[in-house]
Protein chains: 4
Amino acid sequence: MARPRSDIRRTSILEAATRVISAQGLAAAATSAIAKDAGVSNGSLFVYFDTKSTLLNALYVQLKKEMADAAFADLPASADARAQLRHLWSRWLAWATSHPDKRRTLAQLEVSDDISAESHNLVRESQRDMADLLERSRAGGPMADVPISFALVVTGAIADATMDALIRDPSAPEARSEAAFEAVWRVLAG
Amino acid sequence: MARPRSDIRRTSILEAATRVISAQGLAAAATSAIAKDAGVSNGSLFVYFDTKSTLLNALYVQLKKEMADAAFADLPASADARAQLRHLWSRWLAWATSHPDKRRTLAQLEVSDDISAESHNLVRESQRDMADLLERSRAGGPMADVPISFALVVTGAIADATMDALIRDPSAPEARSEAAFEAVWRVLAG
Amino acid sequence: MARPRSDIRRTSILEAATRVISAQGLAAAATSAIAKDAGVSNGSLFVYFDTKSTLLNALYVQLKKEMADAAFADLPASADARAQLRHLWSRWLAWATSHPDKRRTLAQLEVSDDISAESHNLVRESQRDMADLLERSRAGGPMADVPISFALVVTGAIADATMDALIRDPSAPEARSEAAFEAVWRVLAG
Amino acid sequence: MARPRSDIRRTSILEAATRVISAQGLAAAATSAIAKDAGVSNGSLFVYFDTKSTLLNALYVQLKKEMADAAFADLPASADARAQLRHLWSRWLAWATSHPDKRRTLAQLEVSDDISAESHNLVRESQRDMADLLERSRAGGPMADVPISFALVVTGAIADATMDALIRDPSAPEARSEAAFEAVWRVLAG
DNA sequence: TATGAATGAGGTTTCATTCAT
DNA sequence: AATGAATGAAACCTCATTCAT
């Protein structure tokens with residue numbers, strides 16, 4: 001029993017939340033402000049999300065997934081680890097720079113206490129592919145012996161830093177992206 | 001001639017803020033909760049800080065400074081860049097792991113909209129020494145041509161990731177710290 | 001489609017404000033006290049009035065209008081100026097003596113800094129009819145050459161004084177009212 | 001045992017209160033603001049006045065007395081009632097126009113709930129001279145039979161209205177004052 | 001289901017007054 | 001006596017959530 005109209009509303013609320021949070025910060029993002037930005041009534045928001053926290057968690061998981069999907073799109077299946085990581089890196093940064101509000105919102109949600117352990121776990125699972133690729137990338141390299149989660153976090157940190165730098169100062173994105181990728185590769189593979 | 005304003009009180013408020021924020025998150029850190037935790041009346045807090053925002057900014061700047069001071073303590077002045085960075089790295093991580101609440105609070109403040117541009121500038125100036133050291137470290141290496149601010153951010157990001165990993169899973173800190181330092185060095189100096 | 005905003009509620013808030021202000025004074029009239037007196041939740045008050053100041057201004061304008069309407073009710077259209085002013089004067093005093101709380105509230109609001117210039121202007125316009133009547137009353141008399149606004153203010157001042165005197169000491173209202181009207185007429189028409 | 005230094009302080013606090021109240025309104029006149037304006041510490045204010053209310057009452061009584069003294073200064077003792085009232089009227093208006101802040105403060109205090117019945121009584125007594133003069137002025141006139149207090153209030157109301165008009169629009173003060181006096185005389189003596 | 005008014009707990013800040021110095 | 005920090009009770013207002021329509 002599909003509810004197409006409902007899905008549109010749900011989506012528009014999530015999009016509005018992204019806009020409001022990225023513009024005014026998480027603290028100032030009232031549910032009423034989100035609802036109004038979505039062109040939806042105050043009460044309707046709570047039809048689609050039981051709780052503000054529910055909404056934030058849903059948004060977090062969805063943005064994370066969207067970012068991962070963008071990164072893995074058109075991955076050259078038969079290429080070697082470096083070429084694949086390279087491809088992914090470029091897609092990743094492209095997504096971040098073309099959706100700065102989503103990126104900024106994600107940064108806010110990442111440190112929010114509203115995001116539950118369950119959501120963090122969900123996201124971690126969706127990063128399985130990423131972990132596999134990193135595993136292959138670091139094989140035989142200096143990072144081979146630390147927990148893979150650490151490699152993931154460090155890679156993510158460099159990616160975040162790069163995204164923020166690119167968004168803040170959009171000049172010469174290619175060179176910056178290139179330099180950052182080489183740095184990541186040195187971190188992983190030596 | 002009246003009761004003098006007490007540094008102890010001011011400090012205890014800042015410490016209480018650190019505790020409350022790290023325990024409950026920035027959003028849930030009410031001034032009344034901070035005051036109570038500091039063993040001070042609600043109104044007293046506003047004797048020492050005009051505004052909640054003022055308090056948060058002061059806390060941010062102080063924690064940043066404290067972290068930098070801890071990192072640069074006992075720096076071997078005549079050593080080469082790698083040895084100095086190594087020393088600093090180890091002090092840095094030691095500070096973070098022995099003050100997990102300060103570290104967590106700092107992470108929250110870093111993304112808060114309450115932290116003013118002025119505070120960020122103040123902090124940036126206090127990172128001048130760090131920038132100099134990174135400058136010497138990357139000389140001749142693959143990161144020599146990107147803006148120094150980018151090198152700073154990436155180094156900071158790896159440090160943050162390492163700190164969080166160490167705090168979350170405190171096993172084998174030496175090995176992890178060692179691995180992370182080598183990663184940073186590869187990033188900077190190749 | 002939702003519960004409509006209720007005029008009854010709005011009115012009951014304004015009435016409660018009148019009661020609280022007249023009983024305890026403007027300074028002591030907390031929004032919470034007004035809401036409670038109106039039998040309405042604290043937050044509801046702010047559904048109907050964005051701000052305490054908004055509420056006070058609305059109350060001021062409404063009371064002024066109500067007073068003017070009461071004064072002009074059943075005005076004998078074809079009578080001469082003196083008869084009309086006489087009629088108005090008696091209605092005016094009757095309103096004030098039968099609504100002492102409104103009268104007292106008005107006196108408080110009149111000197112409040114919360115009442116905006118806009119509200120004062122609104123009220124002034126609603127006194128146009130009054131100004132016209134005074135204009136006709138003073139024609140050829142000793143007050144013919146001062147600004148009409150001055151005649152208005154003086155008349156209003158005598159009225160205020162009379163109202164206060166009648167409310168404070170309600171004995172022989174007719175004689176007092178009569179004496180005051182004759183005084184006003186002497187002021188205007190000589 | 002004179003306390004000249006203290007008297008100076010007491011006076012400076014009262015003067016500061018006048019300034020602050022006339023500038024910002026009674027509601028916004030915090031004791032700390034008054035103390036600061038007086039160049040005195042917060043706590044000192046409460047050495048001279050037990051309570052904010054005490055201060056306001058003292059200020060009210062003093063300003064009223066000052067106004068009365070100014071009005072009666074140099075009264076031609078042997079002149080007839082009209083000449084004396086004329087003289088008084090002119091002094092009265094002169095005081096108000098040369099001390100607009102005192103006048104404005106008085107207007108605020110007049111309606112404040114902080115002013116006690118006792119203060120009002122004190123003031124009424126100090127108006128005994130005024131009442132006597134009005135008594136002589138209205139003798140044989142149309143106002144001869146109403147309570148003298150009513151004559152006092154009406155006269156005061158016209159005076160207030162005139163003062164406010166003069167302060168708001170200082171053009172042609174002589175003519176306005178003259179017109180107002182004639183109006184008062186018509187009210188009292190017909 | 002959609003709406004938006006209703007609710008009331010809770011947040012920040014002010015301020016008269018007290019008290020240690 | 002003078003000072004100004006300390007106090008805590010309000011005050012105004014916001015906002016997540018509920019509920020009548």
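Domain bounds come from an automatic or database domain assignment. For chain A of this predicted model, that assignment gives domain 1 (1-50) and domain 2 (52-189). Residues are numbered from 1 along each chain as its sequence is written, and chains are lettered from A in the order in which they are written. Local features need pLDDT of at least 70, and side-chain values use heavy atoms, with hydrogens and water left out.

Let us start with the two domains of chain A. Their centres, taken over C-alpha atoms, are separated by 26 Å. In domain 1, 18 residues are in contact with 15 residues of domain 2, where contact means heavy atoms within 4.5 Å. About 1300 Å² is buried between these domains, with carbon and sulfur atoms giving 72% of that area; buried area is the accessible area (1.4 Å probe) that two parts lose on being put together, summed over both.

Next comes the meeting of chains C and D. Chain C brings 26 residues to the contact and chain D brings 25. The area buried between them is about 1900 Å², of which carbon and sulfur atoms give 72%. On the chain C side, Val111(C), Phe150(C) and Arg186(C) lose the most area to chain D, together 29% of what that side buries.

Finally, look inside chain D. Residues of α9(D) that meet α10(D) include Ala151(D), Ile158(D) and Leu166(D), and among their partners in α10(D) are Pro173(D), Arg176(D) and Leu188(D); helices here are DSSP runs (H or I, at least four residues), numbered from the N terminus.

Technical notes
This is a predicted model: local features need pLDDT of at least 70, side-chain atom pairs count only at pLDDT 80 or more; totals for chains, interfaces and linings use all residues. Helices (H or I, at least four residues) and strands (E, at least two) are DSSP runs, numbered from the N terminus.
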